[in-house]
Amino acid sequence: MPATAADDEHLWLKVKGTQIVTSAESDGGERLFIPAGIGYGRDVMIYPRHYPPGDERILQFCKERGLNTVRLAFYTLYFNSVENRPIDIQEHVQNHIDPVIAAARKQGMYVILDCHEFMSGTIDEDDAREDQHVPKWGEEKIQQWINAWKIVASRYKDEPHVLGYELLNEPHVTPTADLRDNYRRCIQAIREVDKRHIIILGNETWTHARSMERTWGDIATTIDAPHNNVVFAFHDYPDDNHPWLVEEYVTTFRDKHGVPVLCTEFGALNWKKSETVCRNFLAGMHMLFAKEGIGWMIWCLRTLEDHPRDSYNTVDETGLGPPIVFDSCPYSDLWPAVARVTASPMPLPKRPPFVVPDALPGQEIIMEANTDGYPSDLSYSWEVSSDGVSWSKISGDTELYKDTNTARLRIRGATALMSGYYYRYIAANPAMTVSGTATLTVKAPVLSAPAALVVDAITGELYVTDANQHTIYKITADASGISLFAGAIGQSGTLNASGTAARFNQIAGIDIDTQSGGLVVADTGNSTLRILNSAAAVNSLAGSPGLAGFTDGSGTNAFFRNPAAVVADNMGNIYVADTDNHVIRMVTPEGIVTTIAGTPQVSGTLDGSGTHAQFKNPAGIAFAGNTLYIADTGNHTIRFITPADDAHQVFTLAGQPGSHGSADGDMATAARFHSPRGLLVDGDTVYVADTGNSLIRKIEISAGKVATIAGYPGDDGDGDSGVMPGVPGFKDGQGNDAWLRHPEDIAIASDGTLYVADTGNAAIRKIAADNNATVSTLTPDMIELNPPTPPPPVDPPPSSGGSSGSGGGGGGVPSHWFFAIIIALVIIRARKPGKIFLP
């Protein structure tokens, strides 16, 4: 047999006090293991050749009925103790034992190697044993038995699926002194080659429970010194002792000497007893096993057919009944049910610790018990502790805790006061209890109202603006750290300077100018555009600080009114959503500002050319393939301008002007948005931060469809009446199971990961580039400086132009040439190049 792999270390069992326990390397560490199994009289009671593929099918039968162990009878001198069938131990090991060990590995079971022989040549049940007559063992046979065990132990010393070595089934009439001496010599020989496996010792005569103390009492704790890895076996049948008397014998012996006991053989066969007597005996024995945590092995498996009982036990009280036949194992309607209660599950490898991701205040946390691979009938409870010492059970659902009796505990809104709390689950059934403990960390939020963000395609770093704090932050590529890049927390102003000396006012939109390599930001409250280099040196690009208005021109001669979003093209031009002027502006690298679309200072819904078109508080903008995409926030629509030349034709891509909702579907007719803001374009897909709905949506242009990828959608009802927007909240999860609160912007990394400025939750969320749209929350640690704790997150209004009314003519039904343009856009569309922030 091949040596066991290092990753099988968790399967080893050992003796500890009065118990058989699992390895410290198993999941849950050292804990009680109760063997529950059946005797396997291979090629005597049952023949594997009758059940292809043989041993594997037989062990599968046992496994399916809840057993974790088989007790394999093998022989060292004579096969089945028949004198004319001598054993070649090497051949016997390979052909009789190896196949069962291989099957046990595959089925995930243990094997007890049971030397099913007896030392005495005379037994008192010749009618049952038939031709089992061998000479009483002399020294030569005893030494042959010892040598055979040493060969067996050498072969399986590294095999954890072998539970232990049962040195002899039932020694019969062998004097106690001789029996002890023979066992001691055999143990010493085994320990020369195998110091790890459990050794199982039977007792005088029939290994009765009543003979345990007489056989081993004064040497029970020294017979295997210094290894002390011994279990003491007992057998019992209806004619031997009543279960209550067996309990007294075995528990007294166990508790007196502090050693474990194991019933390696019991049953109700071969005895002409009534059905009532047999069932009462078996029920009593199983109650003993369950009450005392004692393992058991039924004798024995005969066929792979389930029968309620052996037919030779159907005799009534008069003793009359059908002839003895070999049906299935005795009372197969009893032992599978008992095995489900008492049999321990096979040990599992150590699993990763029960870990809870760091949280931010207000976030819904889901703690999930790590019980994969355990039985499905576990019941769950949860406890909480402030010090890890004193624990309180979390009883029933409350405003804070939900699903308290399931494998997934929900904490509905973690608070800063809960940071450092310990949580643990207890999962149990009658056979086992498992637990796991974790610590909750609730971090003080660094951000207060993240408004916009952009990813540096080269470094993977994330730049985030915070409107409430008047600052720009930088998050490391691995999201472990966050630092203040520019501005001072809570201090507004107009000063151009470097880093934290600079001042902004309700800063919002941000992008990377691929030509200059710097950041460009919409300094909303100052109604200006600012630029920063990699050293965070801040300069003005256009607009007059603190003076809102509308004028095209150069530099400070131009005026804006609360611009909310910016985007750079590949030529160094900056496009601006000039929100409260209801227009889209363009700023050249020289700072010359022109209006390219929208009627200045007039809101409306009209599609058209240039300034003949109308917008209402546009607050999001994206650029790809010479086309501009606009989040027309006040109109609840997504618009586009193409081509970006002197014509600047404006079309409505998705949503209905003046009609808000959260419906997915056809982008031109069915889809609805509510105050959308952030946009990004990735190939054929436009991603939308649907702020008023607290959703992340996508528009698949070629398919003409809108779908929700994250957030909990609302219900549009019939028309605008009864419309319920998407539900705001703060919970990680997949797709609709994740909750956001008024997200205002969205960005994409080179690997397709989406990052969301979840404004109302004061958080940055990440949406994995997988089919599940798995949403998680970034919880970076503050580096470089420690700002004062910002104010708690609030629910901001969706936008300044978030009303549903219309300020101009309707857009009408798209014309045929509109769809031709859409098809052309799809043909030329490619992924938006990643932005690179250069020094």
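Is D523 buried or exposed? Select D523 in this predicted model and show its surface: at 0% relative accessibility, D523 counts as buried.

**Stop 1: the pair at D523**

Side chains of opposite charge can pair when their charged atoms come close.

**Stop 2**

Next select residues 745-748, which are strand β42, and residues 754-758, which are strand β43. The two strands pair in the antiparallel sense over four bridges.

D758 is buried at 0% relative accessibility, and R765 is buried with a relative accessible area of 0%.

**Stop 3**

Which residue forms a salt bridge with D781? Select K443: its closest approach to D781, between N and O atoms, is 2.5 Å. D781 belongs to strand β46 (residues 781-782), while K443 sits in the loop between β17 (432-439) and β18 (450-455), so the pair ties together parts that are 338 residues apart in sequence. D781 is partly exposed, at 43% relative accessibility, whereas K443 counts as buried at 16%.

For a linked set, select E364, D403, R410, R412, K731 and D737, which are joined in a network of salt bridges. The count of salt bridges in the structure comes to 44.

**Stop 4: E117, a buried charge**

Move to the loop between β5 (110-115) and α3 (126-129) and select E117. E117 is buried but has no salt bridge. How far away is the nearest side chain of opposite charge? That side chain belongs to K141, and the distance is 9.2 Å.

Show L77 as well: its backbone nitrogen lies 3.1 Å from a polar atom of the E117 side chain. To see the surroundings, display the residues in contact with E117, leaving aside neighbours within four places in sequence; among them are Y75, Y78, W137, L168 and N169.

**Stop 5: cysteines**

How many disulfides does the structure hold? The number is zero. Select C186, which is in no disulfide; the nearest cysteine sulfur, that of C115, is 8.1 Å away. C186 is buried, with a relative accessible area of 0%. Then select C300, which also counts as buried at 0% relative accessibility.

**Stop 6: a five-stranded sheet**

Finish with the open sheet whose five strands come in the order β31-β35-β34-β33-β32, with antiparallel pairing. Which strands stand at its edges? Select residues 608-609 for β31 and residues 620-624 for β32: each has a single partner strand, so one side of each is left without a neighbour in the sheet.

From β32, step across to β33 (residues 627-632). These strands run antiparallel and are joined by five bridges.

Note on methods: Residues are numbered from 1 along each chain as its sequence is written. This is a predicted model: local features need pLDDT of at least 70, side-chain atom pairs count only at pLDDT 80 or more; totals for chains, interfaces and linings use all residues. Side-chain values use heavy atoms; hydrogens and water are left out. Two strands pair if DSSP finds at least two bridges between them. Buried means under 20% relative accessible area, exposed over 50%, partly exposed in between (1.4 Å probe, protein chains only). Lys and Arg count as positive and Asp and Glu as negative; His and the chain ends are not counted. A salt bridge is a side-chain nitrogen of Lys or Arg within 4 Å of a carboxyl oxygen of Asp or Glu. A polar contact is a pair of N or O atoms within 3.5 Å; within protein, one must be able to donate a hydrogen and the other to accept it, and residues adjacent in sequence count only if both atoms are side-chain atoms. Contact means heavy atoms within 4.5 Å. A disulfide is a pair of cysteine sulfur atoms within 2.5 Å.
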